[in-house]
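Please consult the sequence and the structure below while reading.

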Amino acid sequence: MRNLLALLISFFSFHISAQEFAVVDPKTSELTVNPIVEKALLSKIDSHVKQKVEKIIKSGILDNEHITSLTDYSKDLEFITDTIRLNTFVEHAYKDYSIGSTIDMNALSSYTSTYTEKLLDKYYLKAQGVLKPKPKNELIELQQLWNDFKDKQLLMLAQLNNNGGTISYIYGEQWRNQFLLDRI
């Protein structure tokens, strides 16, 4: 009897924790990662992200790429850190929360898309901040054209990946996120 009770408690504890990962955002009505889980994961991965960035710096790989001096590191390391944070978040979400249900995978995909959109906005604003008036105006104009292209491209990706299945959204989001990261 004691073993049965322990088994039931274990099952319901797992079931409840699995359900806590995905929530509906009250502002957008979209499925996303529970803010409590997000906060816990971001806190947990902070040291992992720092270690990964330090490893990249120590590897010297940045010296062989487009960076010309140590002072340039601070510019590129912000982007590197942002993308490592996102990838580490996803990695730990799967590992720590046993992501396996379609609902949880869709919530994580939606979270990833939102994060990627924020990065796109962040680096677009940074580019505007460092450009002189003429190139800045050209960037604004080009970004408007790119946004039109993006909307059409993402619509096409959604249509190509919509096979009526519950997991088709996840496949589409992978293409969508890569498309946005390439723009950043």
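Which residues form one aromatic cluster? The cluster consists of Phe89, Tyr111 and Tyr115.

The model is predicted: local features need pLDDT of at least 70, side-chain atom pairs count only at pLDDT 80 or more, and totals for chains, interfaces and linings use all residues. Residues are numbered from 1 along each chain as its sequence is written, and side-chain values use heavy atoms, with hydrogens and water left out.

**Aromatic pairs**

Rings of Phe, Tyr and Trp (for Trp, the six-membered ring) pair if their centres lie within 6.5 Å; planes under 30 degrees apart count as stacked, over 60 as edge-to-face and the rest as tilted. Across the whole structure, six aromatic pairs are found. One of them joins Phe79 and Tyr123, whose ring centres are 5.5 Å apart and whose planes stand at 85 degrees, so this pair is edge-to-face. Phe79 belongs to helix α3 (residues 70-97) and Tyr123 to helix α4, so the pair ties together parts that are 44 residues apart in sequence. Helices (H or I, at least four residues) and strands (E, at least two) are DSSP runs, numbered from the N terminus. Burial is judged by relative accessible area: buried means under 20%, exposed over 50%, and partly exposed in between (1.4 Å probe, protein chains only). Tyr123 is buried at 15%, whereas Phe79 is partly exposed at 27%.

Trp146 and Phe179 form a stacked pair, 5.6 Å centre to centre with 15 degrees between the planes. Because Trp146 lies in helix α5 (residues 133-161) and Phe179 in helix α6 (residues 168-183), this pair ties together parts that are 33 residues apart in sequence. Both Trp146 and Phe179 are buried.

**Salt bridges**

A salt bridge is a side-chain nitrogen of Lys or Arg within 4 Å of a carboxyl oxygen of Asp or Glu. The count by this rule is ten. Three of these pairs are tabulated here.

| Pair | N to O distance |
|---|---|
| Glu91 and Lys52 | 3.2 Å |
| Glu117 and Lys150 | 3.7 Å |
| Lys134 and Glu138 | 3.7 Å |

Glu91 is in helix α3 and Lys52 in helix α2, so their bridge ties together parts that are 39 residues apart in sequence. Glu91 is partly exposed at 41%, and Lys52 is partly exposed at 30%. The bridge between Glu117 in helix α4 and Lys150 in helix α5 links distant parts of the chain, 33 residues apart. Glu117 is buried at 18%, and Lys150 is buried at 11%. Lys134 and Glu138, by contrast, both lie in helix α5, four residues apart, about one turn of the helix. Lys134 is exposed at 61%, while Glu138 is partly exposed at 42%.

**Ser109**

Ser109 is found in helix α4 and is buried, with a relative accessible area of 10%. Leaving aside residues up to four places away in sequence, Ser109 touches Tyr169, Ile170, Glu173 and Asn177 (contact means heavy atoms within 4.5 Å).

**The largest pocket**

On a 1 Å grid over the protein atoms alone, a pocket is an open set of points, where a 1.4 Å probe fits, with protein on both sides within 12 Å along at least five of seven lines; lining residues have an atom within 4 Å of a point. The largest pocket is lined by 17 residues, of which Asp25, Thr32, Tyr111, Thr114 and Lys118 lie nearest its centre. Helix α4 gives the most to this lining, with five residues.
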